[in-house]
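This briefing concerns contacts between side chains, with attention to charged pairs and aromatic rings. Please keep the sequence and the structure in view while reading.

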Amino acid sequence: MTVNHSQERKSPARKHTALPKARILIEALPWLTRHHGKTVVIKFGGNAMVDEELKAAFAQDVVFLRHAGLRPVVVHGGGPQISAQLDRHGLVSEFKAGLRVTTDDAMDVVRMVLAGQVQRELVGLLNQHGPLAVGMTGEDAHLMSATKHFAEIDGEQVDIGRVGQITEIDTGAIQALLDDGRIPVVSSIARSADDGHVYNVNADTAAAALAAALRAETLMVLTDVEGLYADWPNSDEVISQLGASELEKLLPDLASGMVPKMEGCLHAVRNGVTTARVIDGRVQHSILLEIFTDEGIGTMVVPDADDEGADQ
């Protein structure tokens, strides 16, 4: 009598191929438990904003966080898109101290690109996965108020136009959206209570201020480098973790583009945010890799021991 063992052989094979997936989920379990119900503010920028595959992966990551029980908030800038649109209008892109010089004409373009183009596209990508994302700007419901910001160059105050620094944040609208299970997507522009003008606010700075106001668990800043380098350009070794005081000492020697990001991280962890992370937005699913794996990627900034004590 011939016995067909093929069915017997297939079953263990199927279990074996599925096992790595199970292990990945189990590895994520302590991180899922730790972050459940916590607010995560994510600054969306760099290459992740212009590469179609990276944009789609970013949207999947954010929706995954939401379904995994976290409360994600997205803050975005739009540097590449703004530069392209300014070019089309014959307006020059100029930067001082890492910030975009923003004339009145440039501000009209900035506002249009951020609220009318970048935010709309991002909301659309997120909402492919369900009725989740709601777009807003810092102007809406007085979310962010700003005053004119002067850049400091060689110890002198320099006028860089309609660039603002945040003076106040009202998180009411964001909290209401989060409580309703939505994903707020915030464009980094804000109105001034002083002169009524709308100001261009650096998105790294805006994300950090919002994370602090929300008492977020984590601030995540997507950028175009692997993290904070220990000795750039002599070495490409990335600092995996450092304290607030260590970061403060490094700030004067950082490249100008990294300064707002790292200053934002410093502000966040000194104002109640548990961790701030700079991660490589050029890596697909970098957010999930950072939050839900033992190794993580990028650079994590943590409060100093005395900051943690003061916060409690």
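**Side-chain contacts in a predicted model**

The structure holds 16 salt bridges. It is a predicted model. Side chains of opposite charge can pair when their charged atoms come close. The structure also holds two aromatic pairs.

**Salt bridge between arginine 162 and aspartate 104**

- Arginine 162 and aspartate 104 form a salt bridge through their side chains, at 2.9 Å from N to O.
- Arginine 162 belongs to strand S7 (residues 156-169) and aspartate 104 to helix H4 (residues 104-126), so this pair ties together parts that lie 58 residues apart in sequence.
- Arginine 162 is buried, at 13% relative accessible area, whereas aspartate 104 is partly exposed at 49%.

**Contacts of lysine 148**

- A salt bridge joins the side chains of lysine 148 and aspartate 159, with 2.9 Å from N to O.
- This pair links distant parts of the chain, since lysine 148 is in strand S6 (residues 144-153) and aspartate 159 is in strand S7, 11 residues apart.
- Lysine 148 is partly exposed, with a relative accessible area of 27%, and aspartate 159 is partly exposed at 46%.
- The charged end of lysine 148 also sits over the ring of phenylalanine 150, at 5.5 Å from the ring centre.

**Salt bridge between aspartate 304 and arginine 270**

- The side chains of aspartate 304 and arginine 270 meet in a salt bridge of 3.6 Å, N to O.
- Aspartate 304 is in the loop between strand S14 (299-302) and helix H10 (305-311), and arginine 270 is in the loop between helix H8 (259-269) and strand S13 (275-280); the two are 34 residues apart.
- Aspartate 304 counts as buried at 14% relative accessibility, while arginine 270 counts as partly exposed at 33%.
- Elsewhere, salt bridges with shared partners join Lys43, Asp204 and Lys261 into one network.

**Aromatic pairs**

- Of the two aromatic pairs, one is stacked, because the rings of phenylalanine 44 and phenylalanine 58 have planes at 25 degrees and centres 4.1 Å apart.
- Phenylalanine 44 lies in strand S1 (residues 39-44) and phenylalanine 58 in helix H2 (residues 52-67), 14 residues apart.
- Phenylalanine 44 is buried at 2% relative accessible area, and phenylalanine 58 is buried at 3%.
- Phenylalanine 64 and phenylalanine 292 form an edge-to-face pair, with 5.8 Å centre to centre and 65 degrees between the planes.
- This pair links helix H2, which holds phenylalanine 64, to helix H9 (residues 286-292), which holds phenylalanine 292, across 228 residues.
- Phenylalanine 64 is partly exposed at 40% relative accessible area, whereas phenylalanine 292 is buried at 6%.

Terms used. Residues are numbered from 1 along each chain as its sequence is written. This is a predicted model: local features need pLDDT of at least 70, side-chain atom pairs count only at pLDDT 80 or more; totals for chains, interfaces and linings use all residues. Side-chain values use heavy atoms; hydrogens and water are left out. A salt bridge is a side-chain nitrogen of Lys or Arg within 4 Å of a carboxyl oxygen of Asp or Glu. Helices (H or I, at least four residues) and strands (E, at least two) are DSSP runs, numbered from the N terminus. Buried means under 20% relative accessible area, exposed over 50%, partly exposed in between (1.4 Å probe, protein chains only). Rings of Phe, Tyr and Trp (its six-membered ring) pair if their centres lie within 6.5 Å; planes under 30 degrees apart count as stacked, over 60 as edge-to-face and the rest as tilted. A charge sits over a ring if NZ of Lys or CZ of Arg is within 6 Å of the ring centre and within 35 degrees of the ring normal.
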